[in-house]
Amino acid sequence: MNSDIGDIDRFIERLPVGIIILDTAMQLVRYNDLALQLLQIDFEDCLTDDLFKAVDLPFLRDAVADIIEGKSLQQSHVKFDIANRTVACTIKTTPVTGNSEIILILEDITNLSNIDKMKQEFIGTFLHKIRNPLSTLKTSLELVTDKQLGLVSDSVKEILEMGFHEVNRIAMLLNDMRDLYLIETGLASANLAIENIDLVAVINSVNDDFLKSEPPMSETARRLSITGDTPVFVNADYEKTKMIIANVLKNALQYSDENVELIYSADEDCVTIQIRDHGTGIAEEILPQIFTRYFREDTSATRKNEGNGLGLFIAKSYAELMNGSLFCESKVNAGTSFFITLPSGGAVRNG
Ligand SMILES: Nc1ncnc2c1ncn2[C@@H]1O[C@H](COP(=O)(O)OP(=O)(O)O)[C@@H](O)[C@H]1O
Ligand SMILES: [Mg+2]
């Protein structure tokens, strides 16, 4: 054997990744032990034939398909079952030596992917378990601060109210984190309870919550006017519909100083809720970004109002999961309209 080839073989054997080199007829040119261990294939049996005719490896065939079509470096993530275990693997594919050969680099990321899964499970459990103690803490603080019980002096009450405000902030942040977690892990739609719900009741409930909330939000909420034909029903999850309307409405009230209108209307298939403000508006180049997670424009209004840039991302994700939509039209210095659409609930319920 030529000594250069011997060097290359030794080099390939020492690499910490699986290597397979094929010619354009899909015949094996070279491979290393790690590729063999990862795929559990006896490559010796398929040295003289098209590799994909000899063994059933659809994910490898897919990985080389684009290279054969003349594309350069490709990367894919795959999971496959081999010898009673699920392997997670990154496959990088690239043409070599003037397109006469294709090199496949296989990296076993099963352990990393398991750690990722454990991390997600831990976050999911944490976000679930923290809800009850936090809600007990909120109720307790509310009870002792309640004037009618007369349990505490004015100065102690002030401190307790501060505590209550902070607990509320933590609860809201955790709610957003839980929604983000459910959306990112693909668990959100399984948690939806889709039913025929009274949209006007949802809107009134959002409005009541705003009016009952702490100042300045409760005062801000007085700028809202609601118009539409009653009754209107939608096929949607009650809590999520409430959250979507609340998120969009809160923005309109926080990021503009003038009146805000909520107008709802229905046709046979679809119900539309328009939330219109007369604030500073959103520049055209910013508009596509407002629905991405953590995005906040740096303006005096966003600096004045605390937020985490998750509200619109979560609202749009849930609207789409319920077969609806959320979109925005805006004109700088004239104002902004957000449109929430949801599938119509059809027939009006009696009683
Ligand atoms: N009605 C509105 N008028 C002007 N800007 C808005 C309006 N609604 C949303 N925005 C912009 O979109 C960004 C993202 O909104 P959102 O996801 O609710 O996050 P947050 O309110 O926490 O900043 C806001 O920070 C703001 O820059
Ligand atoms: Mg917001």
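At what angle do the axes of helix α7 and helix α12 cross? Roughly 45°, and they come within 10 Å. Helix α7 covers residues 154-184 and helix α12 residues 311-321. Axes here are lines fitted to C-alpha atoms over the stretch in contact, with angles from 0 to 180 degrees between N-to-C directions. Helices are DSSP runs (H or I, at least four residues), numbered from the N terminus.

Some ground rules. This is a predicted model: local features need pLDDT of at least 70, side-chain atom pairs need 80 or more, and totals for chains, interfaces and linings use all residues. Residues count from 1 along each chain, chains are lettered from A and ligands numbered from 1 in written order, and side-chain values use heavy atoms, without hydrogens or water.

Back to α7 and α12. The contact, meaning heavy atoms within 4.5 Å, includes Leu180 and Ile183 of α7 and Phe313 and Tyr318 of α12.

Second pair. Helix α8 (residues 199-212) packs on helix α10 (residues 238-254) at about 50°, axes 9 Å apart. That makes α8 oblique to α10. Among the contact residues are Val202 and Phe210 of α8, and Ile245 and Leu249 of α10.

Now ligand 1. It has 18 residues around it, with a heavy atom within 4 Å as the criterion. Asn251, Tyr255, Asp277, Arg296 and Leu312 come nearest. Tyrosine 255 puts a side-chain N or O atom 2.7 Å from a ligand 1 oxygen. Backbone matters next. Glycine 309 has a polar backbone atom 2.9 Å from an oxygen of ligand 1. For glutamate 297, a backbone N or O atom is 3.1 Å from a ligand 1 oxygen.

Technical notes: Helix = DSSP H or I, 4+ residues; strand = E, 2+ residues; numbered from the N terminus. Parallel < 35°, antiparallel > 145°, perpendicular 65-115°, else oblique. Polar contact = N/O pair within 3.5 Å; in protein donor to acceptor, adjacent residues only side chain to side chain.
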